[in-house]
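Here is a friendly walk through one model, told as questions and answers.

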Amino acid sequence: MRYLLVEDDRETAGYVIRGFREHGDVVDHAADGQEGLMMATDASYDALILDRMVPGIDGLKLLNMLRAGGDTTPAIFLTAIGGVEDRVEGLQVAEDYLVKPFAFAELHARVGVLVRSAAPAEGPKTTYQLGGLTLDRLKRTVERDGEAINLQPVEFRLLEYLMRHEGRVVTRTMLLENVWDFNFDPRTNIVETHISRLRSKIDKGHDRPLIHTVRGSGYRLSDNG
């Protein structure tokens with residue numbers, strides 16, 4: 001899953017980002033409302049996690065602006081503003097409201113409910129299938145020909161990205177930015193190493209490989225070479 005976190009407190013942001021990444025999710029972070037608004041309008045997210053007291057555009061106004069523009073991405077306020085009237089006001093525009101201090105386990109559970117509730121409507125795709133390979137984003141499971149495959153969180157994100165771009169070439173830079181959240185080249189073989197590990201789990205023992213190297217360009221997931 002991919003989430004947008006709008007939070008100006010660095011310690012809180014780090015705590016939330018680490019927690020979701022440990023579950024294999026991607027979290028984009030904005031430290032103020034203006035940046036959050038730009039990110040929310042420029043990309044697609046499975047859920048929004050918003051602090052109400054952020055610099056620039058406050059979280060409530062930000063979400064009202066998104067809703068006015070037709071954005072229906074499920075959202076939860078994560079804030080120290082916990083009065084009854086404040087919560088009621090927030091719940092008129094957001095799907096959930098969690099008051100600080102909070103436990104990450106509860107935040108994770110609440111966000112999971114938001115995503116599952118939104119899944120039946122037209123929204124982010126939750127299951128990908130290709131050549132006997134099935135990835136379920138909600139259950140966090142992968143199977144090929146009915147046999148379960150155990151993937152580490154980063155391997156799951158890597159496979160999900162490849163499946164989202166089935167049949168298309170994805171470059172090393174695209175993978176660094178979208179799987180590892182790197183905006184620079186770390187000058188290591190991190191991509192190649194993880195592609196190799198993923199191949200050993202996805203393609204080993206099968207006559208037809210699904211992960212292909214496109215020399216000089218990147219990688220492509222395809223069931224026809």
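Helices (H or I, at least four residues) and strands (E, at least two) are DSSP runs, numbered from the N terminus. This is a predicted model, where local features need pLDDT of at least 70, side-chain atom pairs count only at pLDDT 80 or more, and totals for chains, interfaces and linings use all residues. Residues are numbered from 1 along each chain as its sequence is written, and side-chain values use heavy atoms, with hydrogens and water left out.

Q: Which helix gives the most to the lining of the largest pocket?
A: A pocket here is an open set of points on a 1 Å grid over the protein atoms alone, where a 1.4 Å probe fits, with protein on both sides within 12 Å along at least five of seven lines; lining residues have an atom within 4 Å of a point. Strand E2 (26-30), H6 and helix H7 (172-178) each supply at least two residues of the lining. With four residues, the top contributor is H6.

Q: What is the volume of the largest pocket, and which residues are the closest to its centre?
A: Grid points are joined across faces, edges and corners, and the volume is the space filled by probe spheres set on the points. On that basis the largest pocket comes to about 390 Å³. It is lined by 23 residues, and the closest to its centre are Arg2, Val26, Asp28, Arg164 and Asn178.

Q: How many residues of the lining of the largest pocket are charged?
A: Ala, Val, Leu, Ile, Met, Phe, Trp, Tyr, Cys and Pro count as nonpolar, Asp, Glu, Lys and Arg as charged, and the others, Gly among them, as polar. Sorted this way, the lining has seven nonpolar and five polar residues, and the number of charged ones is 11.

Q: Why does the largest pocket lie where it does relative to the domains?
A: The domain bounds come from an automatic or database domain assignment, which gives domain 1 (2-115) and domain 2 (127-221). Their centres, taken over C-alpha atoms, are separated by 28 Å. The contact (heavy atoms within 4.5 Å) takes 11 residues from domain 1 and seven residues from domain 2. Both also give residues to the lining of the largest pocket, so the pocket lies between domain 1 and domain 2.

Q: Is Glu160 buried or exposed?
A: Glu160 sits in helix H6 (residues 153-164). Not counting residues up to four places away in sequence, Glu160 touches Met1, Leu135 and Arg137. Buried means under 20% relative accessible area, exposed over 50%, and partly exposed in between (1.4 Å probe, protein chains only). Because its relative accessibility is 5%, Glu160 counts as buried.

Q: Is Asp96 buried or exposed?
A: Asp96 is in strand E5 (residues 96-99). Ile76 is 20 residues away from Asp96 in sequence, while their C-alpha atoms are 4.6 Å apart in space. Leaving aside neighbours within four places in sequence, the contacts of Asp96 include Ala75, Phe77 and Arg110. At 14% relative accessibility, Asp96 counts as buried.

Q: Which peptide bond is cis, with omega near -5°?
A: Look at the loop between E5 and helix H5 (104-118), where Pro101 is placed. The cis bond runs from Lys100 to Pro101.

Q: Is Asp145 buried or exposed?
A: Asp145 lies in the loop between E8 and strand E9 (147-148). Phi of Asp145 is near 55°, a positive value in a residue other than glycine. At 56% relative accessibility, Asp145 counts as exposed.
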